[in-house]
Amino acid sequence: TGTFKYKAFYLRRAKRLLPASLGILALTAIFAWLVLPATVRSNLGKDVLAASLYVSNYLFALWQNDYQNLNATPSPVIHYWSLAVEEQFYIFWPIIIYSLWKLGKRRAVGIGISVITVLSFLFSLYLTSANPIWSFYSLPTRAWELGIGALLLFIPKTVFARKSAAASLIVWGAAALLSLSVSAFSERTPFPGYNALIPTTATAVLIAAIAAWPP
């Protein structure tokens with residue numbers, strides 16, 4: 001319609017995500033309280049509170065609670081870090097995109113997304129080496145992955161509009177890269193940084209080329 005309403009956007013996000021995420025969080029908290037040892041239960045309350053407020057990514061980084069510390073018992077809600085990143089992204093993204101659109105329509109949006117994606121990736125490269133835990137959890141070092149998804153909008157629809165030998169080859173290649181990252185990466189793999197390019201790019205290609213997927 002050529003119009004945009006922030007209220008409608010945020011309401012759609014809330015209706016889509018909040019009922020499921022808060023419901024699962026409540027069930028997880030109850031079950032964890034019943035079955036986990038007392039030493040782990042002592043931190044359960046603050047973990048659940050952080051997850052419900054969508055700030056768990058930064059608090060897990062602050063508490064040094066990460067997937068790579070596998071010899072310790074992880075928080076039962078540690079996976080909520082990624083939802084926190086997503087929700088934080090949704091706070092800023094519509095404001096940025098709408099402002100770019102008002103500034104210069106589609107061209108300004110494309111340039112803006114590209115600049116944000118590149119800067120975020122460069123920051124991710126730096127912080128993955130300098131402070132791996134904060135690089136893993138923070139929005140500024142993860143925004144480039146979401147930015148690549150946003151750039152799919154600018155791929156001409158005709159590129160993967162129909163099945164072809166070339167498109168099928170690209171699809172299978174992307175699937176192979178995704179499988180490689182699953183099988184080859186371990187807790188010792190520096191991440192995100194360069195290594196995150198493999199699953200992120202492969203996933204973006206698979207989304208773009210969905211029309212060329214095998215049955």
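Me: Which residues does T200 touch, leaving out those up to four places away in sequence?
Reply: Keep in mind this is a predicted model. T200 touches W144, E145 and I148.

Me: And where does T200 lie?
Reply: In helix α9, which covers residues 197-208.

Me: Buried or exposed, that T200?
Reply: Buried: the relative accessible area of T200 is 12%, and the cut-off for buried is under 20%.

Me: What joins the side chains of T200 and E145?
Reply: A polar contact of 3.4 Å.

Me: Which residue does E145 form a salt bridge with?
Reply: R142, and the closest N and O atoms are 3.0 Å apart. Both E145 and R142 are buried.

Me: How many salt bridges does the structure hold?
Reply: There are 2. Besides the bridge between E145 and R142, E187 pairs with R188, with the closest N and O atoms 3.5 Å apart.

Me: New topic: which residues make the nonpolar surface patch of about 600 Å²?
Reply: I30, F31, W33, L34 and V35 make that patch.

Me: Where is F31 found, and why call it exposed?
Reply: F31 is in helix α1, residues 6-35. F31 counts as exposed because its relative accessible area is 55%, and the cut-off is over 50%.

Definitions and conventions:
Residues are numbered from 1 along each chain as its sequence is written. This is a predicted model: local features need pLDDT of at least 70, side-chain atom pairs count only at pLDDT 80 or more; totals for chains, interfaces and linings use all residues. Side-chain values use heavy atoms; hydrogens and water are left out. Helices (H or I, at least four residues) and strands (E, at least two) are DSSP runs, numbered from the N terminus. Buried means under 20% relative accessible area, exposed over 50%, partly exposed in between (1.4 Å probe, protein chains only). A polar contact is a pair of N or O atoms within 3.5 Å; within protein, one must be able to donate a hydrogen and the other to accept it, and residues adjacent in sequence count only if both atoms are side-chain atoms. Contact means heavy atoms within 4.5 Å. Patches are made of residues with over 30% relative accessible area and no salt bridge: like charges are joined within 9 Å, nonpolar side chains (Val, Leu, Ile, Met, Phe, Trp, Tyr) within 5 Å. Accessible areas come from the Shrake-Rupley method with a 1.4 Å probe; for residues, only the protein chains shown count as cover. A salt bridge is a side-chain nitrogen of Lys or Arg within 4 Å of a carboxyl oxygen of Asp or Glu.
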